[in-house]
Amino acid sequence: MKQPENYITTYKKHRFSPLNPSPDNIDIEDIAHALSLMCRANGHFTGFFSIARHCINCCKEGQACGLSPQACLMLLLHDASEAYISDLTRPVKMGLPDYVKIEEHLQNVIWGKFGTTPTASDLKIIGEIDDMMLKLEFEHFADEVIEIDTISPKIPPDFEFVSFEQDERDYLGLFNGLW
């Protein structure tokens with residue numbers, strides 16, 4: 001019997017090893033496609049809302065805040081590792097320190113692939129905008145108030161349902177405008 005390989009085959013047919021990621025096998029089209037098909041909150045919202053749209057909203061908020069194109073690119077890519085290793089809810093991530101290390105390493109390889117290396121300051125603003133979006137998403141899609149202190153949005157996020165294909169196009173369009 002053949003043993004399973006230590007890679008996944010991506011949408012663009014790259015053989016990608018999540019535990020030993022090669023920048024050569026990271027493809028923005030794979031990222032945009034996968035994130036457009038993945039639902040936030042493990043699907044527990046009242047409607048489908050993709051991780052791609054979450055990242056688009058974070059990026060657009062960064063633009064509204066006057067952040068640099070590089071910082072906005074990091075916001076767009078901040079969940080890109082999830083295209084390769086999926087997403088886990090925050091309570092689960094907190095209990096799996098090895099997963100967090102794998103995710104952080106992969107995310108850093110992805111940022112490096114696209115010419116970005118976040119500073120502590122960058123990571124702080126990415127975290128602030130990500131938390132703000134999380135809070136707004138739960139208020140909108142789950143009618144739940146998350147008790148975390150966040151910054152106030154400069155622009156309202158886009159919570160309208162769009163097709164998976166549109167999320168993918170919008171993600172790639174923002175990426176191409178920033179990179």
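**K93 counts as buried at 16% relative accessibility, and the view shows K93 with E82, which is likewise buried at 2%.** Buried here stands for a relative accessible area under 20%, exposed for over 50% and partly exposed for values in between, computed with a 1.4 Å probe on protein chains only. The model is predicted, so that local features need pLDDT of at least 70 and side-chain atom pairs count only at pLDDT 80 or more, whereas totals for chains, interfaces and linings use all residues. Residues are numbered from 1 along each chain as its sequence is written, and side-chain values use heavy atoms, with hydrogens and water left out. The side chains of K93 and E82 form a salt bridge at 3.7 Å from N to O (a side-chain nitrogen of Lys or Arg within 4 Å of a carboxyl oxygen of Asp or Glu). This pair links distant parts of the chain, 11 residues apart, with K93 in helix α5 (residues 90-94) and E82 in helix α4. Helices are DSSP runs of H or I with at least four residues, numbered from the N terminus.

**A salt bridge between R53 and D158 has its closest N and O atoms 3.6 Å apart.** The two partners come from distant parts of the chain, since R53 belongs to helix α2 while D158 sits in the loop between α7 and α8, 105 residues apart. R53 is buried at a relative accessible area of 3%, whereas D158 is partly exposed at 29%.

**Within helix α7, K124 and E128 lie four residues apart, about one turn of the helix.** Their side chains meet in a salt bridge at 2.6 Å, N to O; K124 is exposed, with a relative accessible area of 54%, and E128 is partly exposed at 24%. Elsewhere, salt bridges with shared partners join R53, D158, D167 and D170 into one network, and the structure as a whole holds 11 salt bridges.

**I31, Y84 and Y171 touch the most other members of the largest nonpolar core, which has 48 residues.** Such a core is a set of buried Ala, Val, Leu, Ile, Met, Phe, Trp, Tyr and Cys residues joined through side-chain atoms within 4.5 Å. Helices that each supply at least two of its residues include α1 (28-37), α2 (51-64) and α8 (164-178), while α7 gives the most, with eight residues. Leaving aside residues up to four places away in sequence, Y171 is in contact with I28, I31, A32, L35, A52, C55, I56, L76 and L77, contact being heavy atoms within 4.5 Å.

**Helix α1 is largely enclosed by the rest of the structure, because eight of its 10 residues are buried.** These buried residues are I28, D30, I31, A32, H33, A34, L35 and S36, and their cover includes α2, α3, α4, α6 and α8.

A disulfide is taken as a pair of cysteine sulfur atoms within 2.5 Å. For C55, the nearest cysteine sulfur is that of C58, 6.2 Å away, and C55 is buried with a relative accessible area of 0%. For C72, the nearest is that of C59 at 5.1 Å, and C72 is buried at 1%.
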